[in-house]
Amino acid sequence: MPTTSHVTRERVVQVVGAWADMGIPTVPERPTEQWVDRVAAEWAASVRQALSYDAFAFIERATTAGLLNDGEAEDAALLAAAFVRVGVAVEAAVRVLVSLGRPRGEQALMELVHDNEVRDFRPYVRSRLLGLRRRVYDVRAREVTRDEEPLLPEGLQGLPHSWQNDFGWGATAPDSHSLAQARSALEACLTVERVPDDAQMCSDAPADCSAIAEVVRALMPYPRLVTRERMNEAWRECQSLGFEFRGIDAGRFAKVWCKRIADRVTAAVFRWLADLPQDGGAAGDKEPAVLSATVLWAADLAERCVRSGSAVQEAIWFLHRTDDVPGSREALARLAFDPSLPVTARNAAQEWSP
């Protein structure tokens, strides 16, 4: 069957017969009509997929080269969306829509993420749509927060570390200023309202809901940008991306994400503190007293964070790394055998208790 005109049931029968003569284990010696029909249907489907893929690849190249006029671009968008809905050459069709850009391609993708016919392909369609929307988010993130209502405590608003780097402190030197900033950040995080964190915030699969985090992170990459107005924008944007929230309004959406951001900041601070040498060497032996005193207040904050359910693993790891200090050892011991704590927290503390 070298060309599409040769794709016939009769030729499929010939191919199946040849397979049977060759003794291929998956082919019965005497193929039934039903078996031949199944092979014919599968082969026809594969041919349709291959031809459609090649055709959309050709259209994508033409679109990228700017060879389509407005009418042809509109036809390409309608055709590509139709193929996504029936599940044929989905990736190639979506790439055509992405190549059409904004507004035509973006609008088609927006309609698809709201279409129930798309079903299993919705996460992929949404991921490509997010790529087109990224520029809009970046522009908004660069805007100054004039007259906007901050949602995070003051101790977090001055942090220079970005969510794009998981709020990591990296090679920040442990001097009196950075350690004071770390303490202020941890204390501020503990004041953020601990609303129940519903992992299934939407009716889509949990993995696809990571796209919600991508939107929030892109609009508010720094704690100082976490405002009521931008959270509302993130809420509306997620709805436009086809997410259907379960019993969560804009206010609760903001509280959930403020808590998640605070937890991420807390985890980043404890990772940084845990990696600091406790002998003062990282500060060039200039402020050993500051570093030594850090363990005392940080151990207390680590225990409080574990009890509140914030960055539990990172806080316990910090206590383990500093368990040569009585305060850290005692905190681990209390956490390891406190029946009021979740089992996972107690087990983690027991694992690292000296």
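How does Asp-166 count by relative accessibility: buried, partly exposed or exposed? I started there, bearing in mind that this is a predicted model. Asp-166 comes out as partly exposed, at 29% relative accessibility. I then looked for its partner and found a salt bridge to the side chain of Arg-271, 3.4 Å from N to O. This pair ties distant parts of the chain together, with Asp-166 in the loop between α7 (154–157) and α8 (176–189) and Arg-271 in helix α11, 105 residues apart. Arg-271 is also partly exposed, at 32%.

Next I checked Arg-334, which has a salt bridge to Glu-303 with the closest N and O atoms 2.7 Å apart. Again the pair links distant parts of the chain: Arg-334 sits in helix α14 (residues 326–336) and Glu-303 in helix α12 (residues 288–308), 31 residues apart.

Then I went to Arg-230, in helix α10. Its relative accessible area is 0%, so it counts as buried. What is around it? Beyond its neighbours within four places in sequence, I listed contacts including Arg-140, Glu-143, Glu-148, Leu-219 and Met-220. Arg-230 also belongs to a salt-bridge network with Arg-140, Glu-143, Glu-148 and Glu-233.

Leu-219 sent me to α9 (residues 210–219), where seven of the 10 residues are buried. Among them are Ile-212, Val-215, Val-216 and Leu-219. The cover over the buried residues of α9 includes α6 (122–141), α10 (228–240) and α11 (250–274).

Last, I zoomed out. The chain has 15 helices and zero strands. The C-alpha atoms fill a box of roughly 85 × 55 × 45 Å along the principal axes. Buried residues make up 45% of the chain. Of the contacts with a separation of 6 or more, 68% are between residues 24 or more positions apart. The chain carries 41 positive and 51 negative charges, and their mean positions are 1 Å apart.

Terms used:
Residues numbered from 1 in each chain as written. Predicted model: local features only at pLDDT ≥ 70, side-chain atom pairs only at ≥ 80, totals over all residues. Heavy atoms only, no water. Helix = DSSP H or I, 4+ residues; strand = E, 2+ residues; numbered from the N terminus. Buried < 20%, exposed > 50% of the residue type's maximum accessible area, 1.4 Å probe, protein only. Contact = heavy atoms within 4.5 Å. Lys, Arg positive; Asp, Glu negative; His and termini not counted. Charge placed at Lys NZ, Arg CZ, Asp CG, Glu CD. Salt bridge = Lys/Arg side-chain N within 4 Å of Asp/Glu carboxyl O.
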